[in-house]
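The sequence and model are shown first.

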Amino acid sequence: MQTSEISTEAPAVPVLLTATAATEVRRYIEEQGAAETAGLRVGVLPGGCSGFQYGLNIEDEAGEDDMILESQGIRLFVDPFSLQYLQGTEIDYVSTFQGSGFTFNNPNAAGGCGCGSSFTV
């Protein structure tokens, strides 16, 4: 008789925000007076010094073909092209003496550059 194991792990969310990043996104949404349906557009665009670059933007609603995710109570809008490069990515917000901004911990990135907003696969 075969026994099948039941997984108790939560399904993997393709893109995660840390609590610190979510706080900053909420602040930006409030500052912009965005709609109740607003969320954070998370994208990958060709370009940057390493081949691809990340893009973040507050948008009032999702696009027709977007996947709508939720992390830390924030709606995330991710298009199909970007989703393939963002699986398992954690977005954080860090502050240092040199400045502050969003950072990406992307397990799909094979390399990156010093700016932290560009990567290769």
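The text below goes from the whole chain to its nonpolar core and then to one helix.

The model is predicted. The protein contains two helices and nine strands, in the order β-α-β-β-β-β-α-β-β-β-β from the N terminus. Whole-chain values are listed here.

| Property | Value |
|---|---|
| Buried residues | 33% of 121 residues |
| Contacts joining residues at least 24 apart, among those between residues at least 6 apart in sequence | 56% |
| Accessible surface | about 7,600 Å² |
| Share of that surface on carbon and sulfur atoms | 50% |

The largest nonpolar core has 22 residues, and Leu17, Leu40 and Leu76 touch the most other members. At least two core residues come from each of strands E1 (15-17), E2 (39-46), E3 (52-59), E5 (74-78) and E6 (89-96), and from each of helices H1 (19-32) and H2 (80-86). H1 gives the largest share, four residues. Leaving aside residues up to four places away in sequence, Leu17 is in contact with Ala22, Leu40, Ser71, Gln72, Ile74, Leu76 and Ile91.

H1 has 14 residues and spans 20 Å between its first and last C-alpha, close to the 20 Å expected at 1.5 Å a residue. Its buried residues are Ala21, Ala22, Glu24, Val25 and Ile29. Viewed down the axis of H1, these buried residues lie within an arc of 160 degrees, so they line one face of the helix. Their cover includes E1, E2, E3, E5, E6 and strand E7 (99-105). The face of H1 turned away from the buried side carries the exposed residues Glu30 and Glu31. After H1 comes Gly33, with a positive phi near 60 degrees.

Notes:
Residues numbered from 1 in each chain as written. Predicted model: local features only at pLDDT ≥ 70, side-chain atom pairs only at ≥ 80, totals over all residues. Heavy atoms only, no water. Buried < 20%, exposed > 50% of the residue type's maximum accessible area, 1.4 Å probe, protein only. Contact = heavy atoms within 4.5 Å. Areas by Shrake-Rupley, 256 points an atom, 1.4 Å probe, with all protein chains shown as cover. Core = buried A, V, L, I, M, F, W, Y, C linked by side-chain atoms within 4.5 Å. Expected span 1.5 Å × (residues − 1). Arc of directions from axis to C-beta.
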